[in-house]
Amino acid sequence: MESLTEATEPQLIGQAIDGDEAAFNSLYALYHDRIFRYVLSRVHRGEDAADLTQIVFLHAWRALGRYRPTGAPFVAWLTAIAHNVVMSFYRRRHHPEFSIDEAAFDVRSEVDVEHLAEIQLSGEHVHTAITRLRPAQQTVIKRRFLDNVPYSDLARDLGKSEGAIRITQHRALLALRQALQQEDDWFEEESAA
């Protein structure tokens with residue numbers, strides 16, 4: 001087979017829809033890492049992310065007959081499936097995003113435990129604020145800053161222009177700053193009372 005690139009994607013999709021497992025395996029190889037990073041940024045545990053990524057591709061294989069090219073990249077369809085799988089994971093498990101018990105530090109070491117706890121609480125604070133953003137803004141913030149996805153790739157994945165992605169990011173950062181400031185103000189008021 002020729003070099004595996006996104007340029008061969010339409011041919012691979014057509015073959016996979018016709019039941020060609022090798023073609024689907026090629027799509028899997030092409031997009032596995034990107035979907036894994038997307039899932040990992042939402043579940044924060046490598047084991048869970050690996051399991052959920054497999055579920056994403058299993059769902060994709062089963063639903064491939066219903067896939068219709070819409071002009072958006074195939075990876076956008078996979079990302080939508082990944083989003084649904086992650087949401088189901090949290091509904092099923094009621095798994096917290098962050099846990100002090102799972103913090104990666106040894107209490108017996110000379111590490112400043114209070115400082116690490118403060119960092120974790122700050123992370124929870126930011127995560128809570130991100131969840132209050134619009135879904136499109138959440139996606140752009142997480143993919144740009146957690147997955148470190150370049151504007152060009154993100155624009156392609158979401159079927160938007162780079163300019164639209166930059167505008168969404170700008171608005172999301174403004175909304176995030178405002179949400180964090182409101183939470184800080186509330187915390188200061190509660191602490192003073």
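**Exercise 1.** Find which exposed residues sit on the face of helix 3 turned away from its buried side.

*Solution.* The model is predicted: local features need pLDDT of at least 70, side-chain atom pairs count only at pLDDT 80 or more, and totals for chains, interfaces and linings use all residues. Residues are numbered from 1 along each chain as its sequence is written, and side-chain values use heavy atoms, without hydrogens and water.

Step 1. Helices are DSSP runs (H or I, at least four residues), numbered from the N terminus. Helix 3 covers residues 46-63.

Step 2. Buried means under 20% relative accessible area, exposed over 50% (1.4 Å probe, protein chains only). The buried residues of helix 3 are Asp-48, Ala-49, Leu-52, Thr-53, Val-56, Phe-57, Ala-60 and Ala-63.

Step 3. An α-helix has 3.6 residues a turn, so residues three or four places apart point the same way.

Step 4. The face turned away from that side carries the exposed residues Glu-47 and Arg-62.

**Exercise 2.** Decide whether Gln-138 is buried or exposed, and list its contacts.

*Solution.* Step 1. Gln-138 belongs to helix 6 (residues 135-146).

Step 1. Its relative accessibility is 18%, so Gln-138 counts as buried.

Step 2. Contact means heavy atoms within 4.5 Å. Neighbours within four places in sequence aside, Gln-138 contacts Arg-42, Ile-130, Thr-131, Arg-132 and Leu-133.

**Exercise 3.** State how many helices and strands the protein chain has.

*Solution.* The chain has eight helices and zero strands (a strand being a DSSP run of E, at least two residues). Buried residues make up 36% of its 193 residues.

Key: Expected span 1.5 Å × (residues − 1).
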